[in-house]
Amino acid sequence: MSTTHTQQPIIIPFNKPYLEGREMGYIRDAIATGKISGDGAFTKKCHAYFESRYGFARVLLTTSCTDALEMAALLLDIREGDEVIVPAFTFVSTANAFALRGAKLVFADSLPDHPNIDPQQVRALVTPRTRAICVVHYAGMACDMDSILEIAAGVGAVVVEDAAQAVDSYYKGRPLGTFGTFSAFSFHETKNVICGEGGMIAINDPKYVPRAEIVREKGTNRSAFFRGEIDKYGWVDVGSSFLPSDVLAAYLWGQLECLDDIQQRRKAISARYRARLDALAKRGYFELPQVPAHATDNGHMFYLVCRSLAERTDLIAALRANGILATFHYLSLHSSPYFTERHDGRALPNSDRFTDCLLRLPLYYELSDEQVDFICGCIEAFFRTREL
Ligand SMILES: *Cc1c(COP(=O)(O)O)cnc(C)c1O
């Protein structure tokens, strides 16, 4: 019989969905309009906000970032035989959106010192059959977009940004999500601004806008009909139902009105972790997130890269014993149960290292400075017992 010992209750969760307070009022307003399906008043407010603040040619709210990526793959007419380059160290949706269309996925490794995709890898992997390169701005930190765009242009491939974590973050001063032909954002409850489950596609090449509206509306030209541009609507293309209820857009709008405040707090937490843990990192116990010179930290995530899987496992347990929930992240997709047999066998050591050694610390708006200090104190205590 195994002994059960009582676990310390969780005092500091990994994430806590942000609620400003005004969301409830906006949800009530949305319901009062009598129209809570998609593309209502709050959806339009959210669209206008993102287009004017960040300069996307056009945005459309979707039910998730996953759906936004699937829309991008549909709009690009990705089909069997097309090659799509994606990082191995990412969430399944980045790759799955293209797998659904029958694409051949080609996984690229991360940089040695950053989970983002390595442009040198991408350069070595492009072929005349490469249709798209989908980059992920890990922890909201920009990939090397100049290199990626140059490589893509060289083979006539399209760039898609999985900007799920990258709201309000920048590459050389320009907003992430404005570089790809398409970009996908997430408003899942674990992201900076949220509505539970939600997302957005940004369309930076205006030629795709009419078809994007159709694909999002089950393959019908319903959007044009509601604008009075046509007198009846029908089935004109393939598509699906990608638009969220205006109730969700109302929640999101409540958050967008406070975006600067949310970002300021999250960045302050990230900076506090960094300042507090810097000494241990300098002594070589772990690496802190590197913010590339071209990138910004949007306060999405704070992580450590431990020296080994075993040490990370021990640190997770030590934090858990103090009521703190810290978590590892992606299991590299090239060695996932679905993909292992399909992978071309190339070793992706950097991606594997982040799979084994990366540890995410709690980061949410309500996390107090005292709690950050408590977490850092527990990490310091853990390493006091360790050999260098
Ligand atoms: C969160 C996330 C997604 C998925 O977002 P959903 O809105 O839950 O579909 C996709 N890619 C990355 C990199 C993410 O972090």
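**The ligand and its surroundings**

Me: Where does the ligand sit?
Reply: The ligand takes up the space of the largest pocket. Keep in mind that this is a predicted model.

Me: Which residues come nearest to the ligand?
Reply: Thr 66, Asp 162, Gln 165, Ser 186 and Lys 191 come nearest, out of 13 residues around the ligand.

Me: And how does that shell divide into nonpolar, polar and charged residues?
Reply: Five are nonpolar, six are polar and two are charged.

Me: Ok, what does Thr 66 do at the ligand, in terms of distance?
Reply: A polar atom in the side chain of Thr 66 is 2.5 Å from a ligand oxygen atom.

Me: Which ligand atom is by Asp 162?
Reply: A nitrogen atom, which lies 2.8 Å from an N or O atom of the Asp 162 side chain.

Me: And Lys 191?
Reply: Its side chain has a polar atom 3.3 Å from an oxygen atom of the ligand.

Me: How much of the ligand does the protein bury?
Reply: The protein buries 93% of the 380 Å² that the ligand exposes when taken alone.

Me: Changing topic: how many salt bridges are there in the whole structure?
Reply: A search finds 32. One of them joins the side chains of Arg 211 and Asp 77, at 3.6 Å from N to O.

Me: Where in the chain are those two?
Reply: Arg 211 is in helix 7 (residues 209-216). Asp 77 is in the loop between helix 3 (65-75) and strand 2 (83-87). The two are 134 residues apart, so the pair links distant parts of the chain.

Me: Why can such side chains pair at all?
Reply: Because side chains of opposite charge can pair when their charged atoms come close.

Conventions:
Residues numbered from 1 in each chain as written. Predicted model: local features only at pLDDT ≥ 70, side-chain atom pairs only at ≥ 80, totals over all residues. Heavy atoms only, no water. Near = heavy atom within 4 Å. Polar contact = N/O pair within 3.5 Å; in protein donor to acceptor, adjacent residues only side chain to side chain. Areas by Shrake-Rupley, 256 points an atom, 1.4 Å probe, with all protein chains shown as cover. 1 Å grid on protein atoms, 1.4 Å probe; cavity = no way out; pocket = protein on both sides within 12 Å on 5 of 7 lines; lining within 4 Å. Sits in = over half its atoms within 2 Å of the grid points. Nonpolar A, V, L, I, M, F, W, Y, C, P; charged D, E, K, R; others polar. Salt bridge = Lys/Arg side-chain N within 4 Å of Asp/Glu carboxyl O. Helix = DSSP H or I, 4+ residues; strand = E, 2+ residues; numbered from the N terminus.
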